[in-house]
Amino acid sequence: MEKIITKNLNLWYGDFQALKNVNSGFKANKITAIIGPSGCGKSTLLRVFNRMNDLIEGVKMNGEILVEGENILNPDIDLVNLRKKVGMVFQRPNPFPLSIYENIVFGEKIHGDNIKKDKLYDIVEESLKSVLLWDELKDRLNKSAMKLSLEQKQRLCIARLIAVKSDILLMDEPCSALDPQSTARIEELMRELKNNYTIIIVTHNMQQAARVSDNTGFMLFGELVEFRDTHEIFTAPSDKRTEDYITGRYG
Amino acid sequence: MRKFKEFIIEKLILISGIASIFFVVLIFLFLLKEGLSVFNTVSPFNFLFGKSWYPISEPPQLGILPLILGSLLVTLGAAIISIPIGVGCAVYIAEVAPGKIKETLKAGIELLAAIPSVVLGFIGMVTLVPLVKNIFHLPTGLTALSGSIMLAFMAMPTIVSIAEDALYSVPKTYKEGALALGATHWQTIWRIMLPAASSGILAAIMLGIGRVIGETMAVMMITGNAAVIPNSILAPVRTLTATIAAEMGEAVVGSEHYFALFAVGIVLFVISFIVNVTADLFLHKKQ
């Protein structure tokens with residue numbers, strides 16, 4: 001089943017067309033990687049799924065983006081619900097300058113009203129357990145999240161999304177600030193999370209795409225050149241441009 | 001030759017750096033030298049907490065409590081008015097206002113800072129003072145409240161520009177993170193931006209208050225200058241600064257009155273110093 005479908009999606013920043021007629025389908029409970037050289041539009045594509053591009057002035061879009069069957073380009077769409085459902089992990093881990101506990105309950109606090117204290121605590125425990133931080137952090141939940149290591153921060157940012165029960169996790173180069181060991185552990189976590197979540201990851205790192213993803217899309221100059229099973233795209237690319245990119249001829 | 005040039009320039013810069021500290025120390029020493037003499041006639045306790053200020057009666061009564069309370073009352077009033085408006089304005093400029101309005105507002109705030117305080121005082125005297133008099137049915141509109149309102153105008157530019165800087169320097173990633181979690185714009189401002197910028201905003205408030213405490217001309221013109229302990233914000237008051245400005249010209253050099261005014265200067269210096277150091281601590285906490 002496909003969680004996100006784009007149909008003839010075009011996007012402009014002012015006069016510059018960043019996405020050209022993108023047609024794609026992102027499968028539920030799979031990890032889909034989007035690869036391509038800098039400026040190819042892969043982050044832009046990721047950011048349309050939770051409408052984060054709205055923050056940029058002069059953005060125009062047309063076409064259709066169906067998230068669980070609902071067109072999110074519809075002007076009446078409830079952005080709060082959309083962003084609850086479609087969570088985002090950023091390139092640089094961005095925990096809020098609050099305590100670890102407050103970081104995780106932030107989403108719950110802004111969405112729900114009058115939640116019981118012990119229920120919040122359960123949410124914190126559950127979310128931290130699912131990113132494998134609970135044992136490390138359970139004794140210092142009231143310490144500032146800013147003091148954590150980069151890897152812990154990134155896990156915390158993922159836990160924050162789990163706490164609001166996102167279905168879809170968008171990851172924008174989630175490991176580019178991390179060292180190789182931390183990267184490996186985050187990738188391990190992603191594999192575990194895909195049982196319950198649909199994950200879309202944008203990455204510079206082709207090896208990472210090959211390691212973690214089930215499907216891969218290759219983008220170039222705003223076009224989605226090829227979108228297939230990861231194994232196939234890396235062993236037998238059908239488009240010459242994909243082949244040139246994955247064999248390192250450019251990019 | 002190049003080395004010699006470097007040497008000269010380095011020393012020149014060093015001298016300029018030391019000069020500023022040197023002058024502050026000189027001024028402070030001079031204040032101390034002149035001001036401390038007053039304690040030959042009145043004890044520090046009676047000076048600070050004495051309830052009557054009659055410097056030219058015989059013997060002079062040199063208690064500055066009414067002046068301290070006058071300054072505090074006017075400052076407190078100005079803070080209550082200017083902090084919410086100033087911080088609100090900073091939030092609006094930093095987060096809400098679209099490009100053109102933002103530039104206009106910032107220019108406007110800078111213009112407000114450029115108005116000489118005597119002009120503000122003058123405008124207050126002819127507009128605000130009669131207004132306060134009529135609204136509250138007072139015998140005179142020259143009250144602490146009038147002074148507070150006018151001083152709030154003077155604190156605003158400082159508060160707005162520094163608080164706006166603080167909000168602006170909150171990393172954009174915090175904001176993105178909050179919005180991506182489905183927070184509304186206001187929730188993002190209230191729960192993330194303001195706490196993240198809190199130390200800068202507190203510094204802005206302290207510096208604004210520092211400006212208010214030191215302000216002289218406008219308060220002298222519109223607070224009524226009665227050196228009595230104020231019983232309400234609608235009573236005339238006299239501040240520390242206004243006392244010095246009004247009386248220094250007529251005090252006989254070397255008289256007790258003269259020394260007392262210098263001692264008032266020391267009190268002001270100490271208050272300003274504390275306020276500024278507090279502001280500085282907040283700013284450093286931020287980094």
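Helices (H or I, at least four residues) and strands (E, at least two) are DSSP runs, numbered from the N terminus. The structure shown is a predicted model, in which local features need pLDDT of at least 70 and side-chain atom pairs count only at pLDDT 80 or more, while totals for chains, interfaces and linings use all residues. Residues are numbered from 1 along each chain as its sequence is written, chains are lettered from A and ligands numbered from 1 in the order in which they are written, and side-chain values use heavy atoms, with hydrogens and water left out.

**Figure 1. The open sheet of chain A contains 4 strands.**
The strand order is β2-β1-β4-β5, with antiparallel pairing; two strands are taken to pair if DSSP finds at least two bridges between them. At the edges stand β2(A) and β5(A) (residues 70-71), each of which pairs on one side only. Strand β4(A) (residues 59-67) runs antiparallel to β5(A) and is joined to it by 2 bridges. Within this pairing, A:E70 of β5(A) is the bridge partner of A:V67.

**Figure 2. Strands β1 and β2 of chain A form a hairpin.**
Strand β1(A) spans residues 2-13 and strand β2(A) spans residues 16-27; their antiparallel pairing extends over 8 bridges. A:G25 in β2(A) lies opposite A:I5. The turn places 2 residues between the strands, and A:G14 in this turn adopts a positive phi of about 60 degrees.

**Figure 3. A salt bridge joins A:K129 and A:E125.**
The side chains of A:K129 and A:E125 meet at an N to O distance of 2.6 Å, where a salt bridge denotes a side-chain nitrogen of Lys or Arg within 4 Å of a carboxyl oxygen of Asp or Glu. Because A:K129 and A:E125 are 4 residues apart in helix α4(A) (residues 117-130), about one helical turn separates them. Over all chains, the structure holds 23 salt bridges.

**Figure 4. Chain A and chain B are in contact.**
Chain A brings 22 residues to the contact and chain B brings 15 residues, contact being defined by heavy atoms within 4.5 Å. The area buried between the two chains is about 1,600 Å², and carbon and sulfur atoms give 71% of it; buried area is the accessible area (1.4 Å probe) that two parts lose on being put together, summed over both. Between chain A and chain B the count is 1 salt bridge. A:R47 and B:E176 form a salt bridge, with their closest N and O atoms 3.0 Å apart.

**Figure 5. The largest pocket is lined by residues that include A:L55 and B:E95.**
The space in this pocket is about 550 Å³. A total of 24 residues line the pocket, and those closest to its centre are A:L55, B:E95, B:V96, B:K175 and B:H185. Two or more lining residues come from each of α2(A) (79-85), α3(B) (65-96), α4(B) (99-114), α6(B) (144-168) and α7(B) (172-180). Helix α3(B) gives the most, with 4 residues. By residue type, the lining comprises 13 nonpolar, 4 polar and 7 charged residues; Ala, Val, Leu, Ile, Met, Phe, Trp, Tyr, Cys and Pro count as nonpolar, Asp, Glu, Lys and Arg as charged, and the others, Gly among them, as polar. On a 1 Å grid over the protein atoms alone, a pocket is an open set of points with protein on both sides within 12 Å along at least five of seven lines, a cavity is a set where a 1.4 Å probe fits but cannot get out, and lining residues have an atom within 4 Å of a point. Points are joined across faces, edges and corners, and a volume is the space filled by probe spheres set on them.

**Figure 6. The largest cavity is lined by residues of chain B.**
The structure holds 2 cavities of 30 Å³ or more, and the largest has a volume of about 50 Å³. Its lining consists of B:S71, B:V74, B:T75, B:L151, B:V212, B:I213, B:E215, B:V219, B:T239 and B:T241. The elements that give two or more of these residues are α3(B) and α9(B) (198-214), and the largest share, 3 residues, belongs to α3(B). The lining divides into 5 nonpolar, 4 polar and 1 charged.

**Figure 7. The second largest cavity is also lined by residues of chain B.**
This cavity has a volume of about 40 Å³. B:I68, B:S71, B:L72, B:T75, B:I213, B:L240 and B:I271 line it. Helix α3(B) contributes the largest share of the lining, 4 residues. Of the lining residues, 5 are nonpolar, 2 are polar and none is charged.

**Figure 8. Chain B contains 12 helices and 2 strands.**
From the N terminus on, its elements follow the order α-α-β-β-α-α-α-α-α-α-α-α-α-α. The C-alpha trace of chain B spans about 75 × 70 × 30 Å along its principal axes.
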